[in-house]
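Q: I have a structure open and I'm new to this. Can you walk me through it?

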Amino acid sequence: MSEQLARVLIIGAHPDDGDIKAGGTATLWAEAGHVVRFVSLTDGRAGHHLNPGPAMAERRRAEARAAGAIIGAAYDVLDHPDGELDTRLEYRHELIRLIRSDRPDLIVTHRTNDYHPDHRSTGLLVQDASYLLTVPAVCPDVPHLTACPVILSFSDSFTRPCRFEPDVVVNIGDRFETIVRMLHQHASQFYEWLPYNAGFSGDVPEGDEARLAWLSARFRERIAPLADRYRERIVATYGEARGAGVRLIEAFEVSEYGAPLDAEARTRLFPFLPADAKAEASFVRKSWVDQPEAD
Ligand SMILES: [Zn+2]
């Protein structure tokens, strides 16, 4: 069984992106025995209307750790100021060192089409790091990887220049309340900043029980449309009968800059998905390493 274990590195821009976008699948990974680590490239210090700054960064770091602890995952928050992330070489090299030290089998991160510049920069930094992970002359102080990991992107609804394509869908219905408990740890965000920013501060209830129920309803409403949007892929993965009943999912797109997600990688990385031959056949997205014109 131990050879089945994998290391999953979920890289978000802010100290809640990873659990918002992949918390249910992260729960399933952790339950399967995979080592799950969340990393936030920024410190989240801009995520508050009343008291932004270094103290907020510390608060968010503690919230993130508590969220990760719910599923036994590490949640590391780097020191870069929230709202100011760019793709400078220094950050790329830091990320190359971080990924090489972690030696993940799978990286999950943002796409590069996104409303938030920190999300875009995070997606770009991972793209920029990906090939160079295997180049010994780059950051020679940390041993290079012999192969790039599989890289997946979180789902999003941005359409230009290209839409998100759901290569992998995961039924997270049975783990939904675990995600809510993770998000509940980010009190500065889900009960303070985001309601303020979106103009519904007055709706936030007091007390853990009422807040959990309120957050659960809101988050369910937010992610429910995904299942109907990607029903075709759900049915290809879970079969007609089971797929029709799936209501809550997380979805991921395979990055062409990582290793291909072939049938072997899919089985190893997603042991909780049905081992359906038809689904597997439609599952492979080619990586650039398979393209004859790549140089
Ligand atoms: Zn974010």
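This is a predicted model: local features need pLDDT of at least 70, side-chain atom pairs count only at pLDDT 80 or more; totals for chains, interfaces and linings use all residues.

Q: Let's start inside. Which residues touch the most other members of the largest nonpolar core?
A: They are Val8, Ile10, Leu106, Ile107, Val108, Leu152 and Ile249. That core has 64 residues.

Q: Which helix gives the most to this core?
A: Helix H1, residues 17–31. H1 contributes five residues.

Q: Why would such residues be found together?
A: In soluble globular proteins, nonpolar side chains tend to be buried together.

Q: Take Ile10. What does Ile10 touch?
A: Leaving out residues up to four places away in sequence, Ile10 touches Gly18, Ala22, Ala26, Val36, Phe38 and Val108.

Q: On to strands. Is strand S1 mostly covered or mostly open?
A: Mostly covered. S1 spans residues 7–12, and five of its six residues are buried.

Q: How does S1 pair with strand S2?
A: In the parallel sense, over six bridges. S2 covers residues 35–42. Look at Leu9 in the model: Arg37 in S2 stands opposite Leu9.

Q: And how many bridges link S1 to strand S4?
A: Three, again in the parallel sense. S4 is residues 106–109. There, Leu9 has Ile107 as its bridge partner.

Q: What do S1, H1 and S2 make?
A: A right-handed β-α-β unit.

Q: Now S2. How many of its residues are buried?
A: Six of its eight, and S2 is mostly covered. S2 also runs parallel to strand S3, residues 74–80, with five bridges joining them. In S3, Arg37 has Ala74 as its bridge partner.

Q: Which helix goes with S2 and S3 in a β-α-β unit?
A: Helix H2, residues 54–69. That unit is right-handed.

Q: Change of topic: helix H3. What span should H3 have?
A: H3 runs over residues 89–102, which is 14 residues. At 1.5 Å a residue, H3 should span 20 Å. Its end C-alpha atoms are 20 Å apart, so the two values agree.

Q: Which H3 residues are buried?
A: Tyr91, Leu95, Ile96, Ile99 and Arg100. These five lie on the same side of H3, because they cover an arc of only 165 degrees around the axis.

Q: Where is Ala265?
A: In helix H10, residues 263–269. Ala265 has 20 other C-beta atoms within 10 Å, so Ala265 counts as buried. Not counting residues up to four places away in sequence, Ala265 touches Val150 and Ala259.

Q: What about Ile223: which helix holds Ile223?
A: Helix H7, residues 208–229. Ile223 is buried, because it has 20 C-beta neighbours inside 10 Å. From Ile223 to Lys21 is 202 residues in sequence and 9.4 Å in space, C-alpha to C-alpha.

Q: Is the peptide bond from Arg160 to Pro161 cis or trans?
A: Cis, with omega near 5 degrees. Pro161 sits in the loop between strand S5 (150–154) and strand S6 (168–171).

Q: What is phi at Arg103?
A: Positive, about 50 degrees, although Arg103 is not a glycine. Arg103 lies in the loop between H3 and S4. Arg103 is exposed, because 12 other C-beta atoms lie within 10 Å.

Q: And where is Cys139?
A: In the loop between H4 and S5. Phi of Cys139 is positive too, near 50 degrees, and Cys139 is not a glycine. With 19 other C-beta atoms within 10 Å, Cys139 is partly exposed. The buried label needs 20 or more.

Definitions and conventions: Residues are numbered from 1 along each chain as its sequence is written. A nonpolar core is a set of buried Ala, Val, Leu, Ile, Met, Phe, Trp, Tyr and Cys residues joined through C-beta atoms within 7 Å. Helices (H or I, at least four residues) and strands (E, at least two) are DSSP runs, numbered from the N terminus. Two residues are in contact if their C-beta atoms, placed from the backbone, lie within 7 Å. Two strands pair if DSSP finds at least two bridges between them. A crossover is right-handed if, with the strands pointing away from the viewer, the path from the first strand over the helix to the second runs clockwise. The expected span of a helix is 1.5 Å times one less than its number of residues. The arc is that of the directions from the helix axis to the C-beta atoms.
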